[in-house]
Protein chains: 2
Amino acid sequence: MNVDENIFFYLAIAVSLVSFGVAYYFYHWVKSQKSNNERIAEIGSYIRKGSNTFLKKEYIVLSQFAGVIAVLILLFLPEPIWNGKATDNIGMAVCYLLGTVFSAFAGKVGIEVATIANMKAAEAAKEGIKPSFLVGFRGGSVMGMSVVGTSLLGVTLVYALTHDSSMVLGFSFGASSLALFAKAGGGIFTKTADISADLVGKVELSIPEDDPRNPAVIADNVGDNVGDVAGMGADLFDSNVAAMTAALVIAMSLDKGKGNTNIAMIFCYAALGLLASVIGVLSARMGKKGDPTKALNNSTYITTVIFAGLTAVATWAFDMEWRIWGATAIGLAVGVIIGFASDYFTNDNKKPVRYVAKASNMGPAFTIISGVCYGFLSVLPSMIGIAISAVLAYNICDPIGDGYAMFGISMAAMGMLSIVGMIISNDAYGPIVDNARGLAEMGDLGDEVLDITDQLDSAGNTVKAITKGFAIGAAGLTIISLLGAFMSEVNVAAVEKGLEKITGFDIMNPMVFFGILIGTATPAVFSAMLMLGVDRNAQRMVAEIHRQFKEIPGLKEGKKGVTPEYDKCIEIATTGALRELIPAGLVSIVLTLAVGFVGGVYAIGGFLTGNIASGLLLALFMSNSGGLWDNAKKYVESGHEGGKGSDTHKAAVVGDTVGDPFKDTAGPSLNTQVTVVSLVASIMATLFLSFHIFG
Amino acid sequence: MNVDENIFFYLAIAVSLVSFGVAYYFYHWVKSQKSNNERIAEIGSYIRKGSNTFLKKEYIVLSQFAGVIAVLILLFLPEPIWNGKATDNIGMAVCYLLGTVFSAFAGKVGIEVATIANMKAAEAAKEGIKPSFLVGFRGGSVMGMSVVGTSLLGVTLVYALTHDSSMVLGFSFGASSLALFAKAGGGIFTKTADISADLVGKVELSIPEDDPRNPAVIADNVGDNVGDVAGMGADLFDSNVAAMTAALVIAMSLDKGKGNTNIAMIFCYAALGLLASVIGVLSARMGKKGDPTKALNNSTYITTVIFAGLTAVATWAFDMEWRIWGATAIGLAVGVIIGFASDYFTNDNKKPVRYVAKASNMGPAFTIISGVCYGFLSVLPSMIGIAISAVLAYNICDPIGDGYAMFGISMAAMGMLSIVGMIISNDAYGPIVDNARGLAEMGDLGDEVLDITDQLDSAGNTVKAITKGFAIGAAGLTIISLLGAFMSEVNVAAVEKGLEKITGFDIMNPMVFFGILIGTATPAVFSAMLMLGVDRNAQRMVAEIHRQFKEIPGLKEGKKGVTPEYDKCIEIATTGALRELIPAGLVSIVLTLAVGFVGGVYAIGGFLTGNIASGLLLALFMSNSGGLWDNAKKYVESGHEGGKGSDTHKAAVVGDTVGDPFKDTAGPSLNTQVTVVSLVASIMATLFLSFHIFG
């Protein structure tokens, strides 16, 4: 490479600013859309208020938590403050807090626009599907652009100012720990409301989805925003930062004393990925045929091609290493393949969904068994995809030199995440149009409009399966490279302490195996705790809904002027989510610390491996089976196998209800859990090396 | 040690013969019990005939399969026949066939006695609970004694005659491959019948369990025998042989040129374990209070103490290594702890079962979600138990010398399985008294007798949870040591071929990681295929039951003289099980071969690790959640949370139905799957070393 590497920092910062500009433009564009339905404005404002209230309360809890962690970092990391340099500890604590603040900001922006875009999209649907689609998509893009812009800006600033891996790790840990709890809290909130609303509304009283008589209906719509918009945003913010961090930590050890070629390449590719997403987002339109799924997928493909092209040009122009470009391209390609595999298992045109719908004829037990089976089967193609991309990236980059193999894997992860701006835009589109559907129903916009919002909503669900596949695959690769980052952190510390360098984690070492077994169990425990939170919470909310229907005269009959006490349900979801969001994440962190202090770095190496493998297994299983059940229910509702109201439909609803916390609470939170655990391990590497009981 | 090691071969053979004597005595004792109810004799003969027919057909399929494998072994293993000594290939093929025949024989004996003991136990219940218990238990003991006697005799003969690890591995592989398919076939049969009978009988028509009008009722009882007696026997036969094999392979490399101290110790301990079980079985009696659960557990504890005492005396008398005794004792102790943990999650006096029963008030979706959560949580204590016992055994034995650490783990596995004779006796007791309950119902023996058989049945279920914990724990340790055995086989081959020795499997090696990811997915795929088999099969059988109720006049009303066509249902279960039993196991084996030939021995090391960890995770999850749902349903049926017939009960039945294939088809088959995969890897080690694409 023959150019000053600082140019790429400027490039990254410039592209971030461009993405903020696009986000700002879209935000005002969405806001400027027409709206004149008072009922929609009223309900929309409830949703907006509920979302903001929850977010505020959640951020208060999280800021206390972050404060405690920041103090601990200040005292103990990267070295106990009495051993090392105090400025390092202060710096790391500040970077940690910066990570949390940036992540929280991105979530807040998402909520801000999503709770306006939902109303605008509902009203735009009166004009047709195309304008409504555009409102929903541009609303989602605000989130996409700000999340990726913020993460790129954050990492660039922290790195450019400190050139210190501990600081970048600290920033990433801040992003992750916030994401862990935001995702968990949002996931518990949204599924508590969703399940309770469905259970009493659809199953017991047979009133339609989003019926305004249902006391939980606003809470349900709030949940879409705080869970799927803010929570998902925090999750992908975290993945993106973690992928860059892993690559950076490895690149720093490669570049030591050799110029910052690899580091420059990371910033170059990340900036071009965001640029590709900006172009993709700007070009998104619905075609003449009016298929929203196609529109979303097309913009994804366009972004993919642009990214591959731009990076190829950059690689050629700056004479960068082609092998690394190859690893990145493999990551991107495998991401698409994993997306297709997820799609096969959750698309209602394919065998699995139809089989489960048919099995539901025999009762809910068969809905569950067959869904679990296909969920299990869905794991294999994605795992093979991740495994093969890791091997290929490793082997492509291995010839470059010592240590490049692992760098290749981290660049494959970056490749998979390069189009994350586009992915988030697609993903945030989902809850916006879902909300729009609810508002259209509650605002009595008529069947034609409902039909349009239904089509938009369904496209959101289909695309979600693909983007989830991407996110999980990227997390898998990121974490393999975090394992590499962990080892390079350990070895830096080992050299400093005059200890022997670690060359690897041998499975035949019983401490490694010990770690693997406990690491394997950890994601299961984490998922169980989150879902039990939903379960407990939903029981409380169902009781409240029952109370309202019993005690408020005229509510069940839909008497004019009688409205349920929406805020009571929002209150229950909020309180419950805040109570349940900390323990599961904390247990994961505590188990990591326990294994580290008992078994040392070898046990942690095993623990991370077990945690990754089992985390991927469960995340894929739960996301896909949940999506499958959801679509099987929709397939039955659209008139197949007995249609709405049949026993088959009831069985399919049971599947959907089970799938709800699978796919929207536990499944996606596992992504973050795996990242947090890996980061905790990397950050604590030095301590684990010095203090442990066995091994 | 100061005694000729041959003495321990004789000891092992002698104790095997003693156990056969006890089995023979019990068999005739059970046969000599009174029986005079014609109805019971008639139905009992249907069950007996159905079981034997299935077993015969299954064995025909399996003998064809075994024949194909034997030919492949003859051609390719331990070396391609054109490279190595032809006698080795012939020997290994013969040992393989011997393993399948011994295992099949033990299964056949179990069915033979179980299908007599069920009738005798039903009639003995007229005299009181004590005599009925004794018939059930002694019937089970025939199975326990013959399985362990056969396995000990088989391994001893093969080893004493050949002194060749390939031959022992061949024998073990024979036992495993038979167990894999016998367990799968039996598991599919039993759950097909059970689910279908429950679905139409209990849920649709609200007729009692075991009602003779139900066309699937005989098939259900046949299923208990072929699944829980023959299948489980094959499973534990396999575990026991595999544990001894792993220990032997490691001991042989330790003992090379140093006298056979360690090998002698293995046979000594195995013989004493069987002896302890013989004493435990002979001493089993119900106390005055008449609690069958206590009686079963007490004999387990007695056996445990006797084993610990006998081995301590032997260790002292023959001046054996105390550290190895320590590893064995740890294995045994941890087995008991794992058993208790399983008990907590499935016992209806404890929180999990009650929580799930309560959650069922809100509908089946909550039964499923809460059961899944507790199933996930139940994984952690057992995983920690296995992990800690492995670390302790390793560290205790490590100071003895090079290679002893892994030997310690294999001896811990043997310790956990030392009392397997007792465990099988307890386990086979379950289906016998379950059948007795059915016969008492169908033979109209009256409520008092039904009450007694219900008590006996319930004790069987409680004890089952504990014994399953033992079996899974032992499988975990065995397979860790099989990993050691795999490595020692690889290195023997590497030395022969002049290649570099393998020192371990480093997680940071991408081929190892590749293997881990695919290995992690494999048990999920295996489970899904088995359960889809049950699902498909049950759909066929339910259609047949519906047909019979529709077409046979007077059947639904219970008109006298009208009997359903039981044999049609047995036929469906048989055909379906035979069709579905091969693919799942075959896919596991094919994946192992694919990974091995693609990635070589490093990928296989990772594959085995991923497969073990995820296999344990899923086996524990599925066994425990299945047991939990079963007991939650029984808890509701005993009058809690609304009792029988309530909506809560219906929800609990959905949980039980989902749990059926979890706990009786997929969960326990995973034990065997993990063993088979490990053995395939060990046997193919040489080939994987020579031929592979990458790595």
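This is a predicted model: local features need pLDDT of at least 70, side-chain atom pairs count only at pLDDT 80 or more; totals for chains, interfaces and linings use all residues.
Residues are numbered from 1 along each chain as its sequence is written, and chains are lettered from A in the order in which they are written. Local features need pLDDT of at least 70 and side-chain atom pairs count only at pLDDT 80 or more, whereas totals for chains, interfaces and linings use all residues.

**View 1. The axis relating chain B to chain A.** Within chain B, Asp506(B) has the C-alpha nearest the axis, at 2.1 Å.

**View 2. The area buried between the chains.** About 6,600 Å² is buried between chain B and chain A, and carbon and sulfur atoms give 86% of it (accessible area, 1.4 Å probe, lost on being put together and summed over both parts). On the chain B side, Phe376(B), Met508(B) and Leu517(B) lose the most area to chain A, together 11% of what that side buries.

**View 3. Residues in contact.** In chain B, 76 residues are in contact with 76 residues of chain A (heavy atoms within 4.5 Å). Salt bridges between the two chains number zero (a side-chain nitrogen of Lys or Arg within 4 Å of a carboxyl oxygen of Asp or Glu).

Notes: Side-chain values use heavy atoms; hydrogens and water are left out. Copies are superposed by least squares on the C-alpha atoms of residues with pLDDT of at least 70 in both. Buried area is the accessible area (1.4 Å probe) that two parts lose on being put together, summed over both.
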